[in-house]
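My entries follow in the order in which I made them.

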Amino acid sequence: RKPTRMPPGTFGWPILGELPPRSIPITEHLKNLKQKRGPIFTTKWGSHRIVVVTDYHLIKKAFNHPDIQGRPAFFSFALFSHFKNAGLVSSHGSVWSENRRFMLRHLRDLGMGKTALEGSIQQEAEMLVDHLDKTCVGKPAVMDHSINCAVVNVIWQMLASKRYDIEDKMMQRYSTLIEEDMNIIQGVLFILDVFPWLAKALPSFIMNKVFKVDVLCRNRDEAYSMFKQVIDDHMATLDPNNPRDVIDQLLLERAHRDAPDYLTPEDEIDVLSIIGDSFAAGSETTSSTLRWMILYMAINPEIQAKVHKRLDEVVPNDRLPSLNDRNQLQYVDAMLLEVMRLSSLVPIGLLHTATADVTFEGFEIPKGTSFMACSEMCHRNPAYWKHPDKFYPEHFLDDEGKLDGKKEGFLPFLIGRRQCLGESLARMELYLFSTAILQRFTIEPPEGVTLSTETNPSQMITNVPLPYKVVLKRRI
Ligand code: HEM
């Protein structure tokens with residue numbers, strides 16, 4: 001039964017709750033409920049009691065609340081952290097806060113958001129545009145695995161001072177694993193996430209046949225054994241006075257003083273989960289946003305022409321755009337923010353869970369209730385945006401054409417204590433990769449084709465673009 005003094009709404013059917021239909025986009029469904037129930041309301045998905053928050057200020061308040069920083073008991077989260085409280089994305093309590101603090105500190109030391117990383121991103125950007133030049137110019141082409149590869153390499157460089165060629169078998173295998181996992185997680189696994197007790201009740205052949213749990217475990221173990229190899233190599237070559245990257249720092253922090261080449265089994269799972277989470281959270285998000293950018297440019301040639309004009313005025317053809325040019329390329333940054341607003345890659349964020357009974361906006365919300373932040377609803381709310389459904393970079397420019405990136409109602413990385421940990425890195429990558437691509441190419445739809453920004457409504461976690469083809473034309 002619904003506890004009294006929760007926000008308006010119902011718990012729906014016994015056991016099932018109010019499961020969202022998979023035939024319409026999740027934001028449409030929540031918008032319909034908001035119209036009946038108001039800006040903060042209650043729903044229930046299977047075993048999860050959820051408070052849905054649709055207004056920017058309420059989201060900001062909820063996600064800054066110290067007792068709303070847990071994560072729900074999703075089966076998918078548990079599977080990837082070996083059913084332990086480990087890593088960055090699904091961990092909670094002191095494990096989460098220590099890992100998050102560690103990661104932020106070391107990413108900052110390694111130059112996240114500053115110029116030190118610029119070189120390695122530019123190196124990847126150059127490889128990427130050269131590869132696209134060789135494989136995609138002048139004919140309809142899918143923006144393939146090479147974008148993922150460039151983005152994954154940036155994370156490898158930071159974590160392990162490593163990079164792989166686009167053709168490298170390990171890189172290709174890793175992209176396949178991520179793609180396969182995402183399809184399962186955004187598909188059938190939703191059932192186990194909303195009814196986690198089913199995982200204990202069902203025999204393993206059903207878990208494997210229906211929910212592909214065996215595939216996920218195999219993929220996880222294969223990825224973790226790649227990471228393990230890298231960790232072992234780092235252990236063998238570690239110089240405590242000269243840490244090279246995040247893995248060295250992790251080892252120095254965790255290794256036993258009397259046995260520096262040894263991690264406890266708990267530490268090993270935590271370290272593997274930190275690495276796995278960094279790839280899982282940082283690769284598909286950034287590469288899908290780049291795919292959205294390419295699609296929006298193909299659909300909006302007049303905006304693309306403005307970007308080209310600005311790039312030509314500011315950056316000589318014989319070098320890549322750099323962070324130093326950024327101040328003069330504010331229109332390009334506004335275009336990228338508009339891509340993030342309209343695509344709303346993570347439309348309902350990641351759920352947070354109340355770790356204690358909470359009083360919020362006059363409501364009494366019991367421990368264990370989850371909070372959902374509808375960032376896409378904010379991104380399409382006419383209260384914040386002049387043309388909510390139109391691609392209009394001027395949303396992020398003031399009257400003098402200066403960038404205004406801190407707009408009310410804009411939450412692509414969410415907000416508060418669990419706000420995206422890789423935001424500065426992602427912003428830097430999006431800028432450097434996009435400017436490199438647009439400096440080299442004009443992007444057009446194939447002749448006679450009308451490109452669409454529709455997404456697959458059954459995928460609720462991320463709004464990824466459906467596969468599309470564009471024609472690249474060399475400019476320089
Ligand atoms: C365009 C690219 C990206 C987008 C749109 C994005 C978006 C998000 C969002 C919405 C969250 C959930 C925040 C919350 O729970 O309140 C998140 C969490 C997270 N992101 Fe990103 N992200 C991007 C890129 C990255 C990158 C490059 C990394 C770094 C490697 C990264 C690492 C993380 C981590 C570790 C978390 C979990 C933070 C925590 O639970 O404390 N993300 N991201």
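Helices (H or I, at least four residues) and strands (E, at least two) are DSSP runs, numbered from the N terminus.

I noted that this is a predicted model, in which local features need pLDDT of at least 70 and side-chain atom pairs count only at pLDDT 80 or more, while totals for chains, interfaces and linings use all residues. Residues are numbered from 1 along each chain as its sequence is written.

**Sheet.** I looked up an open sheet of 4 strands, in the order β1-β2-β7-β4, with mixed pairing. Its edge strands are β1 (40-45) and β4, each of which pairs on one side only.

I then followed β7 (residues 370-373). With strand β2 (residues 48-53) it pairs in the parallel sense over 4 bridges, and Val53 stands opposite Ala373. With strand β4 (residues 352-353) it runs antiparallel, joined by 2 bridges. On that side His352 stands opposite Phe371, and Thr353 has Ser370 as its bridge partner.

Are the faces of β7 buried or exposed? I used C-beta atoms placed from the backbone: a residue is buried if 20 or more others lie within 10 Å of its own, exposed if 12 or fewer, and partly exposed in between. In a regular strand the side chains alternate between the two faces of the sheet. Ser370 and Met372 on one side of β7 are buried, and so are Phe371 and Ala373 on the other, leaving both faces covered.

**Overall build.** I counted 18 helices and 9 strands in the protein. The radius of gyration is 23 Å, close to the 23 Å that the globule rule gives for 476 residues, so the protein is as compact as a globular protein of that length. That radius is taken over C-alpha atoms, and the rule is 2.2 Å times the number of residues to the power 0.38. The C-alpha atoms fill a box of roughly 65 × 60 × 40 Å along the principal axes. Of the 476 residues, 42% count as buried.

**Ligand.** I found 26 residues around the ligand, of which Ala281, Gly282, Thr285, Cys420 and Gly422 come nearest; a residue is near if its C-beta atom, placed from the backbone, lies within 6 Å. Helices α13 (265-282), α14 (284-299) and α18 (423-440) each supply at least two residues of this shell, and α13 gives the largest share, 4 residues.

Conventions
Two strands pair if DSSP finds at least two bridges between them.
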